[in-house]
Each structure stands twice: as structure tokens, then as C-alpha cells.
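Biologist: I am new to this structure. Please walk me through it, one question at a time.

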Amino acid sequence: MDAAIEARGLVRHFGPIPAVDGIDLYVPRGSVYGFLGPNGSGKTTTIRLLLGLLRPDRGSISLLGGSPHDASCLAQVGAVVERPAFYPYLSAHENLRLFATLAGMPSAVGSAAADRALGVVGLTTVAGRKVGGFSTGMKQRLAVALALLRDPTLVILDEPTNGLDPGGVVEVRGLIGELARSGRTVFLSTHVLTEVEQLCDRVAVLQRGRLVAEGLTRELLERGQRLAIAFDTGEEAGKAARVLADAGLEAEAADDRENTLLVAPDRLGLSAVNRLLAGHDLYPAELVLRRASLESVFLELTEGV
Amino acid sequence: MGSLIRADWLRIRRRWDVWIIVLGIPVLTLLSYVAGAASAGNVHVFSSGDVPPELQAQIAAQEAALRAFSALPYQFPRSIATMAEGATLWLILGAAFLAASMLGNEFSWGTIRNVALFRADRLRYLGARLAWLVGLILVTFVAVVALGAIVPALVRVDPGNPAALTGDPSIMGMFPPGPTGPVSLGGALLVAGSLFCTALAGMALAGLAALKFRSTASGILVAGIYAIAEGILASLWMSRAAGDLRYVPQMGLTIRLSALLGDAQVAAGLTTAGGGQSSSPGWVALPPLLGAAIVAVWLLGLLGLWFVVLRRADIDE
């Protein structure tokens, strides 16, 4: 599949500290790609590198097949990077029209594009108000409008729901879904894991400037799922733990239920585990596959690193 | 480039601080000119007690000479130079503020990031901004010069008796206290032109500092500190250096600008000696053209550094 973003061996230091340390990224066109990581893990630095705002110490970046320093390439990219930045003394419409002019759009086209983008984010009624008087949430919506101004093929969103009220979060989330359905590539950096779980088909997890996991969201969630095996007695549970350990499966006691073991079913399936236990006269009272939340997978991936 | 210029117009047209500077400087200078013109003929040489008749004649001659002398700056075309001289400080500070503000605010507001995303060619963006800055300073400068040319027709100052300026030196004593020769239109424009160069240098220095330190306030502050520090160090150097080393401090920006303004005044016949550091011990006068060339090198160097700084800058706003 053709890549919307491809980065190889990306390294960027700030002083002696590596903010981004050898990242490889492959974001297929048309995908919604989640970019996760705790605060200070290097997400925003990576986004700035991808957009050509920072220069990498090492590594290469391809954005829609071109360089991030290539104007024709950037023209197909819309981005929200960290906090929204606008001219406070200009209105929302004037701000967008200014950037449309900067992008080389004729005045009437730029004005129409500004109207359309403001409509998409629900700011039409305040289009004539100065941005200096906007709330954080309104500025955030305007930043999304700016990202959509040029009808981009690739949309890079860095914490797009920051500062939004619950209604705004739902709206922006819906908007991201619409962008994805329209065939655009969306690169979404966020702390809101449910957002990623709902929207993203691929996900990368960053920790201390390094990628600790990357792949399909479904696969990542499968990595975190556990087989919960409940027994009637603690004695049975202890015996089962030893049997499973002999078979190479590490079992741990569940925190939330007595006499219950949790097993990562990486090597054996549900029925194979059942057969193995039955072979040792152990009959579970309950055998359930517990689906993992992205939150638990994320914590598991980032806490130990 | 056209879209960049148009985008800058959208930015600038609603900035009141810009228009206050562009329109305020000519207005302030005009007020100062009118105040000076209003008091130009108000000259008296005081005496007390019984004054002998021959001394009375001498006092009358000195009064007439002073009256004619004080009216000289307000006669066309010298009025252009007078207006330019009155605008010097305002224009330099205004140009420095405009540059620092129009460049530094992009960083403090974070809008430089959006600019970089919408225009990958940062150097053209900076070129358009430079064109606007020079244009705004030029508009202010032209307004000052035009007022200098027009105002004498509106605010008339009695020239007195110009013949009194060429009275018998044995009677006149120390009066009048400066050159009294006519100033040509070319001379007046030379003085005004040197002011324009000085304003551009203020713009270039403050703009570079604002780009480097990514802030309006830092830009103005650093440019001001540089100018003061250079003046102090140059004075110290000149007072101690000997031989060819005496030329070194005279390569400094602020010293050369001061000398440029002084040289222009001398060339126009407004003064007999250059201003600024020219009275310092160790001062070596350079040929005016060489001095102007050094200023040009400084100007081009500072503006060149604008582009180097922005081209290499990480945009982490």
C-alpha cells in the first residue's frame, strides 16, 4: 500500500537528550493512524519533524511521496499542532482568509474556503469576531478549520480535542470519522485512548522517543487480551497454574476475582487450554476471553519501559 | 510573491500600532517643527543699566543676526533638513519597533508555525515582510520630507534681515553661532537621506535581534543594548588606541551612523563639524563615501543574517 507518511530512523536531540530516537513510521494512505504516548514521549516533536518545522539530526521523511519542505507536498497537508496560534486582532474569517491568501488562493476562493471550513467546525456565527476573545475550545475548533482550509489529503492532528467541552469532543470525533470516511489519511496524536480505539485502524505507541509498539489496533488489543479461568477452589487454581506453567503459559491470579487465573493465550487457543486442564483432571467453572482495553495495553507498554 | 505581499497587507491593515507609528511620527515631528517655528523670532539680547550708544548698536546688530539665524531652519529648502533632524530619534525608534514587532510577534503568537506550514519557502516570506517594512518606513520618511517641503508655505517664519548675518565680525562677536550660508535642496535631501539609511539600520538591527530571540521585546532590548555597548566600547578604544588601531572602532554600526548623519550635515552646510563621536579624542575622520560604504555593508550584512537565521530556525512555537 502507498504510504502517506514514511519515516526511517528519525532522530532528533535537544541538547544531549534524544527527544526522538530512531523512529520508523509507515502510515498507509487512507488509514486513520493513532499516535500514542505519555507526556514528553516525543509525539509533538515527531509531528513537527514530519511537517518540516524541525529538522531531524538523522533519518528521512517522506510525506505523500515528497519532502516536507516541498510546497506542493505541504499544500496537501492540513495540521493542528499543539496549541492553536492565530492573529488575535483579526477575526476568525480574516485569519483563515489570510492563510488562504498565503497559500496562493485567489481572494474569492480563499473567502469561500474560509466560510466552508468555519461551517465544518461550527464557527460560522462567530466568524466576524476577533480571535483574541475566543475561548480555548473555540480556538481549537478554528485550528481544525485551518487544517481543513485547503481540503487536504493528509490531516495531522495533535491533541485536537484539547480544551473542548464534551459536546465539542463528540463533534471533533465525528469530524475525524467523516474525514476518514472521505478517504483522507488521518494521523491522530491524542491522550484519549477511547478515541483511538474508536477511530484508528492502526496505532503506534511512543515512549521516551522510541516506538514500543506499532501495528493494527485490533492486533494490539489482541496482545493485551487475557483468558480468565475460574475454579471452584484455590487448590484447583494453584494446581492449574503449575500445569499451565509446565506448558509454557504464565498464569497470574486475577485481582478482581478469587480462584481465577489470567493467562495470555498467545500460543494456545481457548479450547487447547481447556483440553490441557481436563487432561490433568482440572475442570474450570468458567473460561472466558477477556478483551483488553487500549488503556491497559498502553499502560502495559509504557510503564515498564 | 504577490500572494505574500497581499497576505501581509491583511495582517498589517488592522494593526493599530503600525499605523500609529507610520502616521504618528510625521505628526509629532510637525508639532515639534511648528513649536520651534513659533518661537523662532523670539530673540532678545538682554542688557542692564545705562548702555552706551555704540554698545546699543552692537546689541541691535546681534539681535538682528540672531533673529535671522533662528529663522533659517524654517526657510525652504532647509526646512526639509530641519524636519528630518526633528524626526531622527522617532524614526529610528519607530523603524526598530516596527521590525521587532512585525517579526517578533509571529513567534510570540506562534503564527510563524502556520506560516511555515502554508508557505514552505520561508525566505520569500521574509522577503515580503522586509519589503513591507521598508515600504512603511519609506512612507513615514516621505511624509516627513513632504511636510518639510510644504509647511514653510503654511507656517511662515519671518526671515528677518538676512544681511544682518554678514555683519562686521568685530561687532558681532560670537553671533551668529553657526554657518549662515544657503542650503541647497540637494543638501537638505542629503540630510534626509542619511536619516532614512539610519532608520533602515535600526530596522535591520532590531529585526535581526527579534528573529534571533523570537520576541518583540527582546529584539528592541538587545538592539538598544548593542547600540549603547558599542558606543561605550568604541569611546574606550579610541581614547587608548594608537596608529591604525584607531580605525577599528570606527567600523562600528552606531558610530558610523552617527558619522553619516554628521557628514551629511556638514556637506549640506548645516554645521561645520560632524556630530556624535567626532569630538572624541582619537577620532579619525574617514572619507564620507567610505563611511557610507561601511554603513551599506552593515545594512546588507544584518539583512542577510535575517535570512540565514530564519532559514535555519527550528519552528518549535
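Modeller: A term before the questions. Helix axes are lines fitted to C-alpha atoms over the stretch in contact, and the angle between N-to-C directions runs from 0 to 180 degrees. Keep in mind that this is a predicted model.

Biologist: At what angle do the axes of α6(B) and α8(B) cross?
Modeller: The axes of these two helices come within 11 Å. α6(B) passes α8(B) in a right-handed crossing. The axes of α6(B) and α8(B) cross at roughly 150°.

Biologist: Is α6(B) roughly parallel or roughly antiparallel to α8(B)?
Modeller: The crossing angle of α6(B) and α8(B) is roughly 150°. Angles over 145 degrees fall in one class. Therefore α6(B) is, relative to α8(B), roughly antiparallel.

Biologist: How many nonpolar residues are in the contact of α6(B) with α8(B)?
Modeller: α6(B) brings Leu133(B), Val134(B), Ile137(B), Phe141(B) and Val145(B). α8(B) brings Ala192(B), Phe196(B), Ala199(B), Leu200(B) and Met203(B). This contact has no polar and no charged residues, and its nonpolar count is 10.

Biologist: How many charged residues does the contact of α8(B) with α11(B) have?
Modeller: On the α8(B) side, the residues include Gly207(B), Leu208(B) and Lys212(B). They meet α11(B) residues, among them Trp298(B), Leu302(B) and Trp306(B). By class, there are 16 nonpolar residues and one polar residue, and the charged count is one.

Biologist: How many helices does chain B have?
Modeller: The elements of chain B run α-α-α-α-α-α-α-α-α-α-α from the N terminus on. The C-alpha trace spans about 85 × 50 × 35 Å along its principal axes. Chain B has zero strands, and its helices number 11.

Biologist: In which helix of chain B is confidence lowest?
Modeller: Chain B averages a pLDDT of 86, and 93% of the residues score at least 70. Confidence is highest in α6(B), residues 122-154, at 94. Where pLDDT is low, predicted coordinates should not be read in detail. The lowest mean, 67, belongs to residues 169-172, helix α7(B).

Biologist: Which element gives the most to the side of chain B that touches chain A?
Modeller: 24 residues of chain B are in contact with 28 residues of chain A. α1(B) and α5(B) each supply at least two residues of the chain B side. That side divides into 10 nonpolar, four polar and 10 charged residues. With seven residues, the element that gives the most is α5(B).

Biologist: How far apart are the centres of domain 1 and domain 2 of chain A?
Modeller: Domain 1 of chain A covers 3-221, and domain 2 covers 225-303. Their contact takes 11 residues from domain 1 and nine residues from domain 2. Taken over C-alpha atoms, the centres are separated by 41 Å.

Biologist: Which element gives the most to the side of domain 1 of chain A that touches domain 2?
Modeller: α7(A), β8(A), β9(A) and α8(A) each give two or more residues to that side. The residues of that side divide into nine nonpolar, one polar and one charged. With three residues, the element that gives the most is α7(A).

Terms used:
Residues numbered from 1 in each chain as written. Chains lettered and ligands numbered in written order. Predicted model: local features only at pLDDT ≥ 70, side-chain atom pairs only at ≥ 80, totals over all residues. Contact = placed C-beta atoms within 7 Å. Helix = DSSP H or I, 4+ residues; strand = E, 2+ residues; numbered from the N terminus. Nonpolar A, V, L, I, M, F, W, Y, C, P; charged D, E, K, R; others polar. Domains from an automatic or database assignment. pLDDT = per-residue confidence, 0-100. Parallel < 35°, antiparallel > 145°, perpendicular 65-115°, else oblique. Left-handed = near helix turned anticlockwise from the far one by under 90°.
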